[in-house]
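Here is a friendly walk through a few local features of one protein model. Have the sequence and the coordinates open as you read.

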Amino acid sequence: MMSALRHRVPVTVTFALVATILAVPQGASAHEPYPDPSLPVATRVSKLLATMTLDEKIGQMTQAERANVSNADITDYSLGSLLSGGGSAPSPNNATSWAGMYDGFQNAAVASRLGIPLIYGVDAVHGHNNVAGATIFPHNIGLGATRDPALVQQIGRATAEEVSGTGIDWDFSPCLCVARNDRWGRTYESFGEKPEIATSMSTYITGLQGSTLGGAASVLATAKHFIGDGGTTNGTDQGNTQISEAELRAIHLPPFQAAVQKGVGSVMISYNSWNGVKDHGNQYLITTLLKGELGFSGFVVSDWNGIDQIDGQAGFTAAEVAQAVNAGIDMVMVPTAWKSFISMLRGEVQAGRVPMSRIDDANRRILTKKFELGLFEHPLTDRGYTSTVGNAAHRATARQAVRESQVLLKNSGNVLPLAKTNNKIFVAGSNADNIGNQSGGWTISWQGASGATTTGTTILQGISAQAGAGSTVTYNQAGTGIDSSYKVAIAVVGETPYAEGAGDRPNGMGLSTADINTIAKLRATGVPVVVVIVSGRPMDLAGQLPNWNALVEAWLPGTEGNGVSDVLFGDYAPTGKLPDTWMQSASQQPINDGDGKPALFPYGFGLTYGAVPAPSAYQQTQAEAFASQSGTQNEACTDTGGGSDVGYIAAGDWINYGSLDFGATGAASVTTRLASGAGVTGTVQYRLDSTTGPVIASVPVSSTGGWQNWSSRTTALTGSATGVHAVYVTFTTSGSGDLVNLNWFQFAH
């Protein structure tokens, strides 16, 4: 059983040291109120702010990269934060080294005049991916294919434990961008092309932070990148998003709204421009929209040297510093030139170009999160979590995520699933036996790398391990050695690792010549060929597809390649659905659902094995298990075991649950688990076959005392339902705005 606090190692000498240092300049005592955990956080912050100098406040607003500071710098400048850039790790790169590094930095921070602890940030974007041996989960595009917000929350929790085990208390994740052009090199960091996917997957925030900050393995989450990075013209990284405000709000804002509602602790600003104005200097977006309209109460952090891009010239200036801070950025990520930043911001404040009210607001936001995280009481690593890094439980969760992310796109002649016994299998391809390729960018290093970069199971190893009695598995990357005696050939091909910038594809988006030649060599034998694509986005392959017997999109699965073989052998049927529209050719980019462009595979497409019978109407149907919807959003229930619910439901919205089997005798009633706020009345209507089909039940809605105060209501059917029907849920209300949250429903005879 883990301890009840994120960190369980206090610095026992810290407050005595602080009191001693404070005694001369401040007249403080050993009972200085701000460390007192019995006081309200707001009081503690105010007490601490009253003791701080301008330089100490600016120090709290400064984030430097670990390689560019000394312990003396941290103490002398009262630095508020450090980060590890992609691939920036201690030596040796393991969990214990990370914890020791963190504790050394933290001890330097609490030795400063006021003893304010650091908050340390890292891009743990698909697991604690900078740490060798950590569990590497599928990148977000694969998680979007699962359509499983509860699993994503579980991944957030596992990541939080591994991050906490290395001392780190702040994760620059999740990325809530909505990728609208697959040429963009960060497409794999997006959950999908529609805002509702990223909105539903914001459950990751609850996984990272826990129900409240400061609990067991609580890590501050970051919603990024605000805003519009997935909508740039031509999919150019850090480019210009040339869209109306209405489109910005409709496509790119909803996931951030959900993140704020879930209490996300920080928001990172995006490199891109919106209609020619860099987000990092845009006061309307940061202060008016995010902090004002959305009510975000955490702190805003810039991206890596993001303030340097405001004027388009190399090297940030005092004017850029002032514009960024006045726009609403609270903490500035200046990895190397942090001393220049401190000097410039001090000068801008002293000249009156940055008001002290802005400096105090930034500090209040930052210090509030540090207090809420419990950093003042427990600044050092909780070593009880160090052993969770890469443990079996987390790898099992990752394996589940891999198999749920697999999207079966073609299966001619039902060549899949593979027979486990008495089979002769040939495996080939550039990504079959390459843990680095299947993990992608942001793995151990920033851009990622091919080869044995960390520990895990390759797709080939998974296939070999799961082949049963009488079966043989032969591997050659180029396909050399195959002949017609094999029963099936598997080509695991696709992309090699990349991150932003290097990952943009302004030209071709197809397979490499080597991959195409490998597949051709397999096909020439007449053996059925199964192609498995490892990639961070849909690829241009329509010209080759007719020659393949089966096609599986595996995305970037991470370290647990056996999740791919779980599906290939049929231990689990494929359930993944495309989170992005699959182009017929790269010339169609951008292509998105509803734009009228003919797709090779539409958004939401995904096959499974064999005929799938309609599920029984008499088993519990989870509200989030819909086939399609209009106007709703998924969210995590706050009650234990409640899973996810569907909320933000208003009149005119609808939810479709596909086909349900009512049997020959038909249903007599339906039980609905719902929640509603005060002063709300209306109905939940169950209809057959369409949004205007016959109403078979009308469930009255009235306040349950809150949007997460659940009530199960059983209602007699008013219409007949026998056989198999598509079930649509529609809504009426006497007022406007939200009506109800739904958790599940179940029909009964």
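## Strands, cysteines and one threonine

Strand E19 and strand E22 (residues 654-661) run antiparallel and are joined by 3 bridges. Please keep in mind that this is a predicted model. Within the pair, Ser628 sits opposite Asn656 in E22.

Where does this pair belong? E19 and E22 are part of an open sheet of 5 strands, ordered E19-E22-E27-E24-E25, with antiparallel pairing. At its edges are strand E19 (628-630) and strand E25 (695-701), each of which pairs on one side only. From one strand to the next, the twist averages 20°.

There is also an open sheet of 3 strands, in the order E6-E8-E9, and its pairing is mixed. Strand E6 (240-241) and strand E9 (277-278) each have a single partner strand, so one side of each is left without a neighbour in the sheet. Strand E8 (residues 273-274) runs antiparallel to E9, and 2 bridges join them. In this pair, Ser273 faces Lys278 in E9.

Next come the cysteines. How many disulfides does the model have? The count is 0 disulfides. Cys175 and Cys177 show the reasoning: the sulfur of Cys175 has its closest cysteine sulfur in Cys177, at 3.1 Å, and that is too far for a bond because a disulfide needs the two sulfur atoms within 2.5 Å.

| Residue | Relative accessible area | Class |
|---|---|---|
| Thr62 | 0% | buried |

Thr62 lies in strand E1 (residues 62-65). Why does Thr62 count as buried? Its relative accessibility is 0%, and buried means under 20%. Which backbone atom does its side chain reach? The side chain of Thr62 comes to 2.8 Å from the backbone oxygen of Ile58.

What else surrounds this threonine? With neighbours within four places in sequence left aside, Thr62 is in contact with Leu79, Gly80 and Ser81, and also with Val332, Val334, Trp338, Phe341 and Ile342.

Technical notes. Residues numbered from 1 in each chain as written. Predicted model: local features only at pLDDT ≥ 70, side-chain atom pairs only at ≥ 80, totals over all residues. Heavy atoms only, no water. Helix = DSSP H or I, 4+ residues; strand = E, 2+ residues; numbered from the N terminus. Buried < 20%, exposed > 50% of the residue type's maximum accessible area, 1.4 Å probe, protein only. Polar contact = N/O pair within 3.5 Å; in protein donor to acceptor, adjacent residues only side chain to side chain. Contact = heavy atoms within 4.5 Å. Pairing = 2+ DSSP bridges. Axes fitted to C-alpha atoms, helices over the stretch in contact; angles between N-to-C directions.
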